[in-house]
Amino acid sequence: MSGDYGKNPPLSYNSYLRVQDLINLQDCRSDPAHHDELLFITVHQAYELWFKQVLHELDAAIIFLTNDKVSSATRAVHRIVEIEKLLVNQIHILETMTPISFLAFRDELNPASGFQSMQFREIEFSSGLKDESILGEFGSDPFAHDRLSRRFTSPTLADAFFALLERRGLTVIGTNEREKRGRAILEILTHFETRYEEFQLAEALMEHDEYFSLWRSHHIKMVERMVGAKRGTGGSEGIGYLRTTLEKKFFPELWEARTYLDSDHGRSGCPFAGQ
Ligand code: HEM
């Protein structure tokens, strides 16, 4: 395991993963450094690394779908879901910090906030939830604004999904886009055995939406436990604002279709009955 390699030492674990750089990226602002600030920074940085991986998979899933590689797209979304399960659980590590410990360095964070997480917004945009007002919030951060603008004008995972269904002749009936999409989902949910590939993909997308939403709920509970109804460091009302985000959905049609699904499919209005 050791030897004289001159100027070119062999690749090592630490050099490949750039561990020296990585463990030097946690700059505590409290002085003297508060014990729990390292945890606070580490948890947030770990989130950002996983967000990067989620975006990598999202981009791949969109390309796979565009090229009709449905199983590969589904696999990519499954990986996203597994990461999201971890992201929900990661909140509990932060909850080991007591509220009074957090208050000891919270003021140092002003006016920074998770609200400004560029990659979180990129995930929202590329999944299907674009919001121009959010884009506007990044006006003073050209790097983030540039990345978000590109995603704002690019097809989303939801676009790629419905484009696939259209190519497969599933979005033909309905008076408007929403109805056509809804009926396509009903067809998939009803005939899940014959439409198994589409069904598995739709379920994976649903899980992506569900776990992202579960993260939102857990985050709110953690925020309330930590700071009650105090205003956020980003300037919002805090939990009051966060609660308004709970109903956000990447694929509203997937959720809505459940309402119109019936076991009498075919006789009671299935647009695809008999096909
Ligand atoms: C002690 C821990 C935390 C507290 C007290 C907290 C508090 C808050 C508050 C009050 C907001 C509303 C915006 C504002 O006015 O600041 C917010 C938003 C947000 N936080 Fe946290 N947060 C914590 C941890 C985290 C962690 C670990 C993440 C992981 C990345 C995170 C990500 C976000 C995101 C993405 C938003 C924007 C949500 C949206 O607009 O939909 N936060 N947070």
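Y47, F51, F120, F212, W215, F250 and F251 form one aromatic cluster in this predicted model. Rings of Phe, Tyr and Trp (its six-membered ring) are taken to pair if their centres lie within 6.5 Å; planes under 30 degrees apart count as stacked, over 60 as edge-to-face and the rest as tilted. A search of the whole structure finds 15 aromatic pairs. One of these is formed by Y47 and F51, a tilted pair with 5.9 Å centre to centre and 50 degrees between the planes. Y47 and F51 are separated by about one helical turn because they are four residues apart in helix α3; helices are DSSP runs of H or I with at least four residues, numbered from the N terminus. Both Y47 and F51 are buried, a term that denotes under 20% relative accessible area, with exposed meaning over 50% and partly exposed in between (1.4 Å probe, protein chains only).

A tilted aromatic pair is also formed by F192 and F199, with 5.3 Å centre to centre and 40 degrees between the planes. F192 is partly exposed, its relative accessible area being 36%, whereas F199 is buried at 18%.

Charged side chains also meet aromatic rings. A charge is said to sit over a ring if NZ of Lys or CZ of Arg is within 6 Å of the ring centre and within 35 degrees of the ring normal. The charged end of R121 sits over the ring of F115, 4.7 Å from its centre, and that of K249 sits over the ring of W255, 5.6 Å from its centre.

R121 is also among the residues that come nearest to the ligand, together with S113, H219, S236 and Y241, out of 28 residues around the ligand (one heavy atom within 4 Å). By class, this shell has 15 nonpolar, eleven polar and two charged residues; Ala, Val, Leu, Ile, Met, Phe, Trp, Tyr, Cys and Pro count as nonpolar, Asp, Glu, Lys and Arg as charged, and the others, Gly among them, as polar. In the side chain of Y241, an N or O atom is 2.4 Å from an oxygen atom of the ligand. A polar backbone atom of G234 is 2.9 Å from a ligand oxygen atom, and an N or O atom in the side chain of H219 is 2.9 Å from a ligand nitrogen atom. Two or more residues of the shell are given by each of α3 (35–66), α6 (118–127), α11 (196–227) and α12 (239–243), and the largest share, six residues, comes from α11.

Residues are numbered from 1 along each chain as its sequence is written, and side-chain values use heavy atoms, with hydrogens and water left out. Local features need pLDDT of at least 70 and side-chain atom pairs count only at pLDDT 80 or more, whereas totals for chains, interfaces and linings use all residues.

Technical notes: Polar contact = N/O pair within 3.5 Å; in protein donor to acceptor, adjacent residues only side chain to side chain.
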